[in-house]
Amino acid sequence: MVVFDKPHALTDVPLHYCPGCTHGIVHRLVAEAIDELGIEGRTVGVAPVGCAVMAYDYFRCDMIEAAHGRAPAVATGVKRSDPEGLIVFTYQGDGDLASIGTAETVHAAARNENITVVFINNAIYGMTGGQMAPTSLPGQVTQTSPYGRDVTQCGYPVKICEMLSMLDGPEYLERVAVNNVKNVNKAKKAIKKAFQNQVDGKGFSLVEVISACPTNWGMTPSQALKWIDDNMIPYYPLGVYKDRSAGIIPGAKEAAK
Amino acid sequence: MAEKVLMKGNEAIAEAAIIAGCRHYFGYPITPQTEIAAYMAKRMPKIGGTFLQAESEIAAINMVYGVSAAGKRVMTSSSSPGISLKSEGISYLAGADLPSVVVNCQRGGPGLGGIQPSQSDYFQATRGGGHGDYHMIVLAPASVQEMAQLTIRGFELADEYRMTSMILADGTIGQMMEPVSFDFEIKEAPEKPWATTGTQMKREHNVVNSLYLVPDVLEAKNFERYEKYAMICEKEALAEEYMLEDAEIVVAAFGIAARVAKNAVNAARAEGIKAGLIRPITLWPFPEKTFKKALGTAKQFISVELSMGQMIEDVRLATGCAVPVTLCKRAGGMIPSPEQVYNSIREAAGKAGE
Amino acid sequence: MTRELLFAGFGGQGLLFSGKVIAYKGLIEDKNVSWLPSYGPEMRGGTANCSVILSDDPVGAPIISNPDVLVAMNLPSLDKYEPMVKPGGSIFVDSSLIERKVTRDDVNVYYVPATKLAGDNGVPTLANMILVGKLLQVFGEYDEELVKKALGKCISARHADLLDLNLKCMEIGRDYE
């Protein structure tokens, strides 16, 4: 009996991520969703600039490396080239999606572009070595906010799910976390749903995954997972922010639990 | 021969793209090229194509990147300030060896500049525009018929060499109407086994990418690309030669400037001055051989440009500065008059000791 | 032979359309033609013009410095372009909008109260076509079949009623003495 196996949609290339980084978990969840839906042969992934830049080596489906922040625009092009045939997803970090690529994100959502977006929010720029991200928490110490994020100077974090939920366009927005087994299971369900929505032609589906960056947070992996519970989730409440097909359409300030 | 219709240059580009099999167009409004977007918006939905008004020029060029990666013919268009925004994407297209067609209907700059015709994006176009070692094939139409013809050629070259073809037009050619015939034979797009169209579980995954973190691998990629460029320089350089056989004063001009220059050359010939014209049709590759050939009789070259003098550098390089090269220019949206060019030719003829 | 025509006036007077009809007529007659508009925001309510070149030879520069023919539909246009018309050239003036006379004596001048005539005939927006009719008549080039064909190329079949109105106005111009 097989108790554990690598998803087919992942290649055998060893991941380059740091110890305790949760990218590996999310890669696996994406690959499992692709496997379970049987869509690997018609899936095209778009990798970001950021820690996941080399995701194109890790997924076995066709992959495209996009310019920083432009993945939703690239995905739009790919999807429009064969709307019936292709399943297209982007995999983006917070700097990529919520800073340099905000316009592409908002407009792909506004168009209800029929793509799946996996958004890794770990509140920091990992690849360049720990600078302040658009989602860094108020007071959070980073290389470029050495005295803590001062909201009077740097402004406030961008809450992507809340922001996009105010648009008429998108089909499905959910925020999940991958800091414990229960949350990982929920994240798995959300990511699979985001792909299923695309298969069903429902439109723009984004899953924001609250993730850990122990290296740049300066913590051990277990401290980092706890920090998510203590600091990240209170600021970024988990839940479904929009699910048009299920009748969850905000206006309401609170996320549906 | 198909019936000729009267059409704006911008519309001719759009129609030609459709004839070339382009079914995806992404754009953003900017004067003086917006007719292309308007034409595509009208036609694409009727032929099962995609017209999308992107949120920015940056988004538009990245949508182009996506369609091209998926193996389809695709085009975007803009005017000077918008091309600056697209330059990031054009560099990525070059780095990933993706074919595309980009139209620049130039207007005066720098900055927001103006909306009147210009040729001041010559450097940007012929030197690549974005970061890194790369070139685009740059085609310079001088008539509405050529707007159509070179657009089709642009798609063919883009696919053949897996690079961006830029149609470097200007506000005048874009806005003017002339008779145009769409009687073209279209080369089918070649097979694109590299495209990300889904593995269908039948092959290894394709990766479209411009990232190479190992420097010697990246160097090898660049070397390989420049071998291709050398071949293009050898095979694809194109120029119109007008009254060149015995020309002592050789005017160099492309696009709208060449049409003005032709009037002036005719006037000079009527006066007995041995004037001629080289009209580069490909700006990259620059038709160096035509210039070298003209050196046989030329005593002076005059570069006529709607800029402060950009192509003149290539004329000097191509002729090795063997004879004087002077500049006849207007800038900022102004166009030299035939009289201005004619006077430059006469002045040169005097200096040349006619 | 080459003829260079400049149509100038306010945006909205249909000058670009007038030029297009003339250009299309030239194309049908197998001439080389070019049509170049002024473009951009300055056209809205400001001065608009278009340059048309008809020639037996390939058209060089589509830009006109010294027109053979000027059609002027407002005073600023006449002021600006009158001095540029070639000696021996022709100027068509909408005399219901321009009170002054042409001052040059080396050009042929035709005054037509086009806007008034158009208004009297219930088509106030087609004064431009009255001038086009006059222009063709003056040059002995008013060929009914060609004119119809050219209009047909410039007006989509869905607007056949517009075609008739345009034709009517061109005839008013043709017959105006």
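Visitor: Which residue does I302(B) stand opposite in β15(B)?
Guide: In this predicted model, I302(B) stands opposite T326(B) in β15(B).

Visitor: How many bridges join β14(B) to β15(B), and do the strands run parallel or antiparallel?
Guide: Strand β14, residues 300–305 of chain B, is joined to β15(B) by five bridges. The two strands run parallel.

Visitor: What sheet do they sit in?
Guide: An open sheet of five strands in chain B, in the order β10-β12-β11-β14-β15. Its pairing is mixed.

Visitor: Which strands stand at the edges?
Guide: β10 (239–242) and β15 (325–329) of chain B. Each has a single partner strand, so one side of each is left without a neighbour in the sheet.

Visitor: And the twist, what does it average?
Guide: It averages 20° from one strand to the next.

Visitor: Which helices pack on that sheet?
Guide: Among them are α9(B) and α11(B). Helix α9, residues 255–270 of chain B, touches β10, β11, β12 and β14 of chain B, and its direction makes about 165° with that of β12(B). Helix α11, residues 311–319 of chain B, touches β11, β14 and β15 of chain B. The direction of α11(B) makes about 155° with that of β14(B).

Visitor: Next topic. What is the order of strands in the seven-strand sheet of chain B?
Guide: The order is β3-β2-β4-β5-β7-β6-β13, in an open sheet with mixed pairing. The edge strands are β3 (50–53) and β13 (282–284) of chain B, which each pair on one side only.

Visitor: What about β2(B) and β4(B), how many bridges join them?
Guide: Four bridges, and the strands run parallel. H24(B) stands opposite V74(B) in β4(B).

Visitor: Which strands does α6(B) touch there?
Guide: Helix α6, residues 144–161 of chain B, packs on the sheet and touches β5, β6 and β7 of chain B. Its direction makes about 160° with that of β7(B).

Visitor: Now the chains. Which pair has the most contacts?
Guide: Chains A and B, among the two pairs of chains that touch. Their contact takes 30 residues from chain A and 32 residues from chain B.

Visitor: Where does the largest share of chain A's side come from?
Guide: From α3(A), with eight residues. By class, that side of chain A has 14 nonpolar, seven polar and nine charged residues.

Visitor: What joins β2(A) to chain B?
Guide: Two bridges join β2(A) to strand β9, residues 207–208 of chain B, and the strands run parallel. The bridge partner of M63(A) in β9(B) is V207(B).

Visitor: How far apart are chains A and C?
Guide: They do not touch, and their nearest C-alpha atoms are 28 Å apart.

Methods:
Residues are numbered from 1 along each chain as its sequence is written. Chains are lettered from A and ligands numbered from 1 in the order in which they are written. This is a predicted model: local features need pLDDT of at least 70, side-chain atom pairs count only at pLDDT 80 or more; totals for chains, interfaces and linings use all residues. Two residues are in contact if their C-beta atoms, placed from the backbone, lie within 7 Å. Ala, Val, Leu, Ile, Met, Phe, Trp, Tyr, Cys and Pro count as nonpolar, Asp, Glu, Lys and Arg as charged, and the others, Gly among them, as polar. Two strands pair if DSSP finds at least two bridges between them. Axes are lines fitted to C-alpha atoms, for helices over the stretch in contact, and angles run from 0 to 180 degrees between N-to-C directions.
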